[in-house]
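I want to see how they pair up and what sits over them.

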Amino acid sequence: MQFVEKLREKPAVQKLEKFFPAIAFLGGFAWDSITLGQMVYGTDILILLAYYTGALILVILLSAQLEHPEGWTKERLQALAKAQAKPKPAAVAPKATKVAPSPAEEKSESAEPVSEDSVSENPDVKIEESRFRRAAAFIAKKTPARAKEAANRAAQEAKEATAKAAALASAKAKEAASRAAIEAKDAAVKAKGAATKFAKNVGYESTAIPENAIVVRHRFLDREWSETWKQRFTWAVQFFFGGLFSALVVCYFKSSGSLASFLLVILLAILLVGNEFLQKKYESFGVSLAFFCLLGTMFMNFAIPHLVHRIGFIWFLISTVLSFGLCLFIWKISHRKKSILVAPALISIFLIVAYIMNWVPPVPLVLKQKIACQNFDKASYSCDVDDPSLLQMIGLKIPSVHRVDSSEVYFLTSVYAPAKLKAELEYLWYYQDPKTGKYMLTDRISSGRMMINGGRESGFRTFTRKKNTPPGKYRVEIAYKNGAVIGSGTFEVFGEPPEDGFVRDTLR
């Protein structure tokens, strides 16, 4: 590892590192072009399926979000309970003491009324009766006023004592409340630290303790990934998407035989290049889901014919529905808004329309070879062709057919298809109007012998012929019947023998 680190510190290596993504991209695309460009095997389908499965898992992971940012799962609460110190019991406010009665009240309460029956019948007492009666009347007259004064004084003293006791209790209660608030604040700080530590361990990013926290049911996708994990996931998504784009561009390019289908291939190629710059964009769940829907439909449209040995609109529709169904499943478990499905829905509708308009190449059918000639031998699939010039050999000039004795013009093709796949083909003959320069459809030819059976590496051989071909330029398209064009060939017919003679060519 030290050797690698020292090597990366060198300026030359640091400059080369900038080109590593481009080198990896070109290397992967070149490998797909070499391998898938020749023959598609079962292992190739399995590799693409692994890419697609990996992309599916990563898109599901990227769909995770905190459905209730103010919520707390059981795991977070347990981590908080371990880290949070136990709060000390709050100080109990002293109870108000009962105020003791004043001496005057005690005397007042202890005084007992004097009964007249207690007066002795002694004669000596009778002598003083009148004097005592007057004294008793005087005392009886003065006692209520003094008792009332003593009671008022005792009530005032009791009120002052109660006020002092209440003030003392309030001060102590306030002090206890302040101390409890400080302890609660310290506990909250410790709890936040514990939650942050726990969040780093499980990948949460939102760790602030909300004021009105609620406990939510734990779900694996109810989380917020850390920046480190987000970066890892998006790098992996970019890799899997790139692998699928690279393979699909090659496969669809080989099957494209018209300008419209070639434009779709160009779109895939643009997305293939753009994928190298979208790593950060894949953090957005909507972007990842839209790309996944597109790649899913294109991949299934290519893979399903290898399984069912059929192609056609019904199988393309099934591919589209399956791809969108997986997007719907991901949306369902992610608990995201419905608006996230707008892009996948529009992509699915666009692809269905494109297939109806024959803009989608008829994968996995591939035109392997084509020959325009005359004097065809069906047993050996050989015929006479004009000896090609250098410009014709390198593709800078279209092939020519010099008819001899009004012979028929043949157009031979070999179309590759996976093993056991059956598909009916048709040929479309176009003639270029010398006045307008536009190609006009003159013949649409199909028959039972044009039902290909896949499995031959060089392709299923078939042919079409045309009598009474006046001199001029022709274009013959071979297509899936009532479907997209697989390939085409353009040639020019002359009414005299060639100057350089003929050569015998054979369709492999």
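**Ring pairs**

The cut-offs: rings of Phe, Tyr and Trp (its six-membered ring) pair if their centres lie within 6.5 Å, with planes under 30 degrees apart called stacked, over 60 edge-to-face, and the rest tilted.

I picked Tyr51 and Phe239, an edge-to-face pair at 5.8 Å centre to centre with 75° between the planes. Tyr51 is in helix H4 (residues 42-62) and Phe239 in helix H9 (residues 227-255), so this pair links distant parts of the chain, 188 residues apart. Helices here are DSSP runs (H or I, at least four residues), numbered from the N terminus. Buried means under 20%, exposed over 50%, partly exposed in between (1.4 Å probe, protein chains only).

Next I took Phe316 and Tyr355, which are stacked at 4.5 Å centre to centre, 15° between the planes. Phe316 belongs to helix H12 (residues 313-334) and Tyr355 to helix H13 (residues 342-356), so the pair ties together parts 39 residues apart in sequence. Phe316 is buried at 0%, and Tyr355 is buried at 16%.

I also noted a cluster: ring pairs link Phe411, Trp429, Tyr431, Tyr474 and Phe491.

**Charges over rings**

The charged end of Arg232 sits over the Trp229 ring, 4.5 Å from its centre. The test is NZ of Lys or CZ of Arg within 6 Å of the ring centre and within 35 degrees of the ring normal. Arg475 lies over the face of Tyr439, 4.8 Å from the ring centre.

**Caveats**

This is a predicted model, where local features need pLDDT of at least 70 and side-chain atom pairs count only at pLDDT 80 or more, while totals for chains, interfaces and linings use all residues. Residues are numbered from 1 along each chain as its sequence is written, and side-chain values use heavy atoms, leaving out hydrogens and water.

Technical notes: Helices (H or I, at least four residues) and strands (E, at least two) are DSSP runs, numbered from the N terminus.
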